[in-house]
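The questions below walk through one protein structure, from a patch on its surface to its strands, its backbone and its charged pairs. Please keep the sequence and the 3D view at hand while reading.

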Amino acid sequence: MYAQSWSSDRALDQLAQHHLDLPAMDHQQEEKVQLLGMWASPYVYKVKWALSIKGVEYEYVEEDLRNKSSQLLEHNPVHKKVPVLVYNGKPVAESDVIIEFIEDAWKGHGGRILPEDPHERAMARFWVRFVPDKLSPRIWKWFTTAGGEEQDAAREASVEQLQVLEEKLTLGGNEFFGGDSVGLVDLSLGALAYVIPMYEEIIGERLVTEDMFPSLYAWMGRFLAAPPVKDHLPPMEELKLRFRAMREYFVKNSA
């Protein structure tokens, strides 16, 4: 689910730095790229979108997380989760680490994911942390809480954080958080572009409207229509059924 906690910052930074220190790979040699994923995971789609930006061909391997394969357990023995990118037999785990690896390994291929300027790169990483630290937990609370004061409070908290994004996007004056094209921050926020409308439909209440968040509302449409994204989206009806069942479970067990 979108609001799951991410790995510790220290582990993430160490892994990311390791991959940033790698020289650009020689792609003239034959390469084999696999992505281990699960159809509903927003973290997997982040990686798919990043690979699409770079024009990387890969084999996708669907994992059953209730019966994890030996390949997944071998390649990600620490967290035993997807996504895992396997490059010529060498695994890279955790979506944010994978994206930085992709940017570094396929440098000069396709579009840029991270800004070239060091300060802008640092700020992009800062806003990536905004998603799990500030935004997603509040939206998830709103979605999984039955109506009443508690849900109203969760909605108010969500709106407050969405307003932060609205102001950032408006002040930036660009079509995307990454500038004129999809970048790192867009990838991190991207799943919300289809998740929030599903939550709204299931609950029967709007959270992001054009009147309240004109820039963010427009961004959601642009993101889903962007070339790296539009052909790499989950099956929406199946995902909606999954979210509906999850909400029913949480509401029932919180009563």
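Q: Is Glu-156 buried or exposed, and what is its relative accessible area?
A: The model is predicted, so local features are given at pLDDT of at least 70 and side-chain atom pairs at pLDDT 80 or more, while totals for chains, interfaces and linings use all residues. Residues are numbered from 1 along each chain as its sequence is written, and side-chain values use heavy atoms, with hydrogens and water left out. Buried means under 20% relative accessible area, exposed means over 50%, and partly exposed lies in between (1.4 Å probe, protein chains only). By these cut-offs Glu-156 is exposed, with a relative accessible area of 59%.

Q: Which residues form the negative surface patch, and in which helix does Glu-156 lie?
A: A patch takes residues with over 30% relative accessible area and no salt bridge, and joins like charges within 9 Å and nonpolar side chains (Val, Leu, Ile, Met, Phe, Trp, Tyr) within 5 Å. Helices (H or I, at least four residues) and strands (E, at least two) are DSSP runs, numbered from the N terminus. The negative patch consists of Glu-149, Asp-152, Glu-156 and Glu-160, and Glu-156 lies in residues 149-172, which form helix α6.

Q: How many of the residues of strand β1 are buried?
A: In a regular strand the side chains alternate between the two faces of the sheet. In β1, Val-33, Leu-35 and Gly-37 are on one side, Gln-34 and Leu-36 are on the other, and all of these are buried. For the strand, which spans residues 33-37, the count of buried residues is therefore five of five.

Q: In the hairpin of β3 and β4, which residue takes a positive phi?
A: The two strands β3 and β4 pair in the antiparallel sense over four bridges, with Tyr-87 having Lys-90 in β4 as its bridge partner. Two residues lie between the strands of this hairpin, and the positive phi, near 50 degrees, belongs to Asn-88.

Q: Is Glu-94 buried or exposed?
A: Glu-94 lies in the loop between β4 (90-93) and α4 (95-105), and it has a positive phi of about 75 degrees although it is not a glycine. Its relative accessibility is 14%, so Glu-94 counts as buried.

Q: How many residues apart in sequence are the parts that the pair of Glu-205 and Arg-155 ties together?
A: A salt bridge is a side-chain nitrogen of Lys or Arg within 4 Å of a carboxyl oxygen of Asp or Glu. Glu-205 forms one with Arg-155, the closest N and O atoms being 3.2 Å apart. Since Glu-205 lies in the loop between α8 (192-203) and α9 (214-225) and Arg-155 lies in helix α6, the pair ties together parts whose separation in sequence is 50 residues.

Q: Which residue is the salt-bridge partner of Asp-133?
A: Helix α5 (residues 118-144) holds both members of the pair, Asp-133 and Arg-129, four residues apart, about one turn of the helix. Asp-133 is partly exposed, with a relative accessible area of 45%, whereas Arg-129 counts as buried at 19%. With 3.1 Å from N to O, the partner of Asp-133 is Arg-129.

Q: How many salt bridges does a search of the whole structure find?
A: Among the charged pairs, Lys-240 forms a salt bridge with Glu-237, with 3.4 Å between the closest N and O atoms. Lys-54, Glu-103 and Arg-112 are linked in a network of salt bridges. Over the whole structure, the search finds twelve.

Technical notes: Areas by Shrake-Rupley, 256 points an atom, 1.4 Å probe, with all protein chains shown as cover. Lys, Arg positive; Asp, Glu negative; His and termini not counted. Charge placed at Lys NZ, Arg CZ, Asp CG, Glu CD. Pairing = 2+ DSSP bridges.
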